[in-house]
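Work through the following exercises with the sequence and the coordinates at hand, and try each task before reading its solution.

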Amino acid sequence: MGILDRIAGTLDELTGDTDAGAAAEVMRAQAMAEAGDADGAAAALRAVTERFARYAPGYVALGQLAAQRGKLEEAVTALGRAVDLDGARAEPWFELGDALARLGRTEPARDALRRALTLGLEPWFVARVNVALGRVHAQAGQWTAAARALRKALDLAGPGDDDRGVALDYGRALQKLGDREATEWLTRAARAPDARAEITVEAAAATADHERAEALLREGLARWPGDRPLRAALARRLARVGRVGEAITLAEA
């Protein structure tokens with residue numbers, strides 16, 4: 001073995017040891033965060049990035065924790081450094097795009113998410129990125145692109161595994177496009193176990209068929225009997241078709 005081969009082997013061993021030590025520090029910091037010590041975890045991860053300045057997973061962990069704590073500028077800085085060091089992994093690009101989107105930085109968020117799509121292979125991950133990308137398009141008022149991305153996410157989700165929030169976003173995008181299927185998806189979102197009363201009001205308002213809209217509002221009232229906006233929406237719906245007495249009773253209640 002030549003001298004250059006021996007040097008390369010030694011460097012590989014040293015790098016491996018360094019990465020192992022950095023990984024152990026990151027895992028300890030993540031355990032601190034899971035135990036409720038977010039400040040301590042953040043300090044530990046900052047120390048990791050200072051000590052192992054070229055260890056990309058340290059920056060990823062720091063960025064993820066910052067994003068979870070709502071410190072989005074800090075998250076973008078850390079995740080941006082991570083993808084600079086190692087741009088071949090999809091997850092950091094997704095995390096960066098998501099943080100940028102939450103800051104309202106549409107163009108760079110879209111670029112980061114598209115990069116994540118070129119690197120990610122697992123259907124669940126591709127679906128997750130398409131959800132984020134669809135919401136970025138929606139923020140920019142690009143409803144066709146939003147609907148396309150959200151539809152891809154729904155198609156990639158397994159049976160019973162689709163995010164009801166995605167159904168709501170998809171329904172809203174279709175409504176903006178004047179698509180008749182909007183009612184179906186908004187109704188689906190309204191009937192989800194974790195839905196809120198205002199989603200039922202929104203879905204009923206988008207439903208042209210009076211009987212279907214009334215049935216949906218009454219379903220909502222069965223779930224949230226004391227919700228005033230729901231009662232008001234049903235009262236308006238009844239008054240619109242001439243059932244004034246029922247509408248007044250609901251309004252007075």
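The model is predicted, so local features need pLDDT of at least 70 and side-chain atom pairs count only at pLDDT 80 or more, while totals for chains, interfaces and linings use all residues. Residues are numbered from 1 along each chain as its sequence is written, and side-chain values use heavy atoms, with hydrogens and water left out.

**Exercise 1.** Classify the ring pair of Phe 94 and Phe 125, and state whether Phe 94 is buried or exposed.

*Solution.* A search of the whole structure gives three aromatic pairs (ring centres within 6.5 Å, using the six-membered ring of Trp; planes under 30 degrees apart are stacked, over 60 edge-to-face, the rest tilted). For Phe 94 and Phe 125 the centres are 6.0 Å apart and the planes lie at 70°, so the pair is edge-to-face. This pair links distant parts of the chain, 31 residues apart, with Phe 94 in helix α5 (residues 90-102) and Phe 125 in helix α7 (residues 123-139), helices being DSSP runs of H or I with at least four residues, numbered from the N terminus. Phe 94 has a relative accessible area of 5% and is therefore buried (under 20%; exposed is over 50%, partly exposed in between; 1.4 Å probe, protein chains only).

**Exercise 2.** Locate Asn 130 and list its contacts beyond its neighbours within four places in sequence.

*Solution.* Asn 130 belongs to helix α7, and its relative accessibility of 5% makes it buried. With those sequence neighbours left aside, Asn 130 is in contact (heavy atoms within 4.5 Å) with Leu 117, Ala 149, Leu 150, Lys 152, Ala 153 and Leu 156.

Terms used: Helices (H or I, at least four residues) and strands (E, at least two) are DSSP runs, numbered from the N terminus.
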